[in-house]
Amino acid sequence: MNISRKLCSVLSVLTLSTGSLFLQNALAEEPVKEPIKIGVAGALSGDLASYGLPTARAAELVAGKINAEGGLNGAPVELLVEDDVCKPEIATNTATKLVSAGAQVVIGHICSSATKAAMPIYDEANVIVMSPSATDSDLTKSGNYPTFYRTIAPNDAQAYSIVNFAVGQLQAQKIAIIHDKGDYGKGLAEDARRIIEQDAKAKIVLFEGITPGAVDYSAVVQKVKRTRADVVIYGGYHPEASKIVTQMRRKRMKTLFISDDGVKDDTFIKVAGKYAEGVYATGPADVSANPITRQYREAYMKKYGVEPGPFFDNAIAAALALTNSIRVAGSTEMEQIAKTLHSQATATPFGEIMFDKNGDAIGVGYSLYEVKKGAFVQVQ
């Protein structure tokens with residue numbers, strides 16, 4: 001009897017050991033899925049880093065959440081992050097690096113000029129790019145850049161909001177338009193000019209470009225003063241806008257100043273100081289009440305200890321739309337992702353969105369903000 005019991009015990013141990021070995025071998029033979037590589041491109045340094053960093057961090061938060069939940073269709077998400085400083089000549093190199101490193105989709109770029117410079121490289125490689133902030137209208141004109149998408153409305157929609165507010169709400173009759181000669185700023189200025197000329201309710205008294213990075217803009221400020229314009233519409237970014245507004249106010253000019261989402265940044269207020277008061281700027285709608293917005297903004301505050309900057313919500317939307325499309329399509333092939341982006345809605349800070357045939361997010365528009373007591377407050 002004892003021998004029999006001992007034999008049973010030995011057989012039990014052998015059976016368990018053998019089963020364990022089979023399980024270990026099965027696990028060892030199960031292939032580890034290759035990571036899904038998502039490129040992130042934008043200004044991470046320089047004057048416009050306040051636009052690029054929130055986007056990189058948005059991608060990091062979304063990727064972190066996906067990986068914590070088991071990955072994307074079982075595969076981990078790997079971010080490939082590159083700094084283009086919002087400069088076209090660097091953006092082409094950035095795009096080449098991301099494509100060479102195997103990026104299957106890209107979140108970015110941030111600035112329109114950098115985006116336009118990089119897009120031919122992505123188009124040739126069949127890599128889908130989704131920008132949270134590049135608004136140049138040409139980017140989504142039919143056939144220009146077939147792999148480009150964005151989670152922000154184009155310049156012509158932004159220009160319409162600016163002109164409608166200037167002429168309708170502010171009753172402006174004489175408008176001076178200034179721009180920074182870039183794809184983004186000049187494009188918006190030209191859209192605004194076209195809308196004003198078609199409407200004929202106001203007169204354009206000045207249309208002029210400036211040189212970005214200049215120390216002094218007194219010459220163009222003096223031109224604006226001589227025109228006695230009711231409103232200045234500025235197309236460009238906050239570094240130049242803050243200097244122009246400051247010089248206008250120091251000359252005691254009360255001309256109203258309206259700009260774009262390239263100016264709706266707390267950095268503009270910090271630099272312009274008291275002279276920022278009363279400045280208007282367009283920007284994505286306030287979506288702070290959206291549960292997805294709250295979730296990611298709280299995660300951002302917890303991780304980085306500061307409020308998210310401009311285009312953070314749009315970047316979250318881009319990261320969610322791309323990853324959801326890969327999940328639904330079950331593929332990283334460009335054609336499959338594109339098909340899903342056009343046909344399947346994704347829950348984002350801006351509600352459920354999908355994309356039209358040209359790559360623009362359907363239903364995403366602009367709001368008007370005014371600087372009041374040192375902060376941008378939505379007024380329309």
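This is a predicted model: local features need pLDDT of at least 70, side-chain atom pairs count only at pLDDT 80 or more; totals for chains, interfaces and linings use all residues.
Thr323 sits in helix α11, which spans residues 312–329. With a relative accessibility of 5%, Thr323 counts as buried, because buried means under 20%. Beyond its neighbours within four places in sequence, Thr323 is in contact with Ile38, Val62, Ile66 and Leu72. The side chain of Thr323 also has a polar atom 2.7 Å from the backbone oxygen of Ala319, and a polar atom of that side chain lies 3.3 Å from the backbone oxygen of Leu320.

Turning to charged pairs, the structure holds 12 salt bridges. In one of them, the side chains of Lys116 and Asp136 meet at 3.8 Å, N to O. This pair links distant parts of the chain, with Lys116 in helix α4 (residues 112–125) and Asp136, 20 residues apart from it, in the loop between β4 (128–131) and β5 (148–150). Both Lys116 and Asp136 are buried. Lys116 also forms a salt bridge with Asp138, at 3.7 Å, N to O. Asp138 belongs to the loop between β4 and β5 and Lys116 to helix α4, so this pair ties together parts 22 residues apart in sequence. Asp138 is partly exposed, at a relative accessible area of 29%, whereas Lys116 is buried at 17%.

A further salt bridge joins Asp191 and Arg194, whose closest N and O atoms are 3.3 Å apart. Both residues lie in helix α6 (residues 183–199), three residues apart, or about one turn of the helix. Asp191 is buried, with a relative accessible area of 11%, while Arg194 is partly exposed at 35% relative accessibility. Elsewhere, salt bridges that share partners join Lys116, Asp136, Asp138, Lys141 and Asp183 into one network.

Terms used:
Residues are numbered from 1 along each chain as its sequence is written. Side-chain values use heavy atoms; hydrogens and water are left out. Helices (H or I, at least four residues) and strands (E, at least two) are DSSP runs, numbered from the N terminus. Buried means under 20% relative accessible area, exposed over 50%, partly exposed in between (1.4 Å probe, protein chains only). Contact means heavy atoms within 4.5 Å. A polar contact is a pair of N or O atoms within 3.5 Å; within protein, one must be able to donate a hydrogen and the other to accept it, and residues adjacent in sequence count only if both atoms are side-chain atoms. A salt bridge is a side-chain nitrogen of Lys or Arg within 4 Å of a carboxyl oxygen of Asp or Glu.
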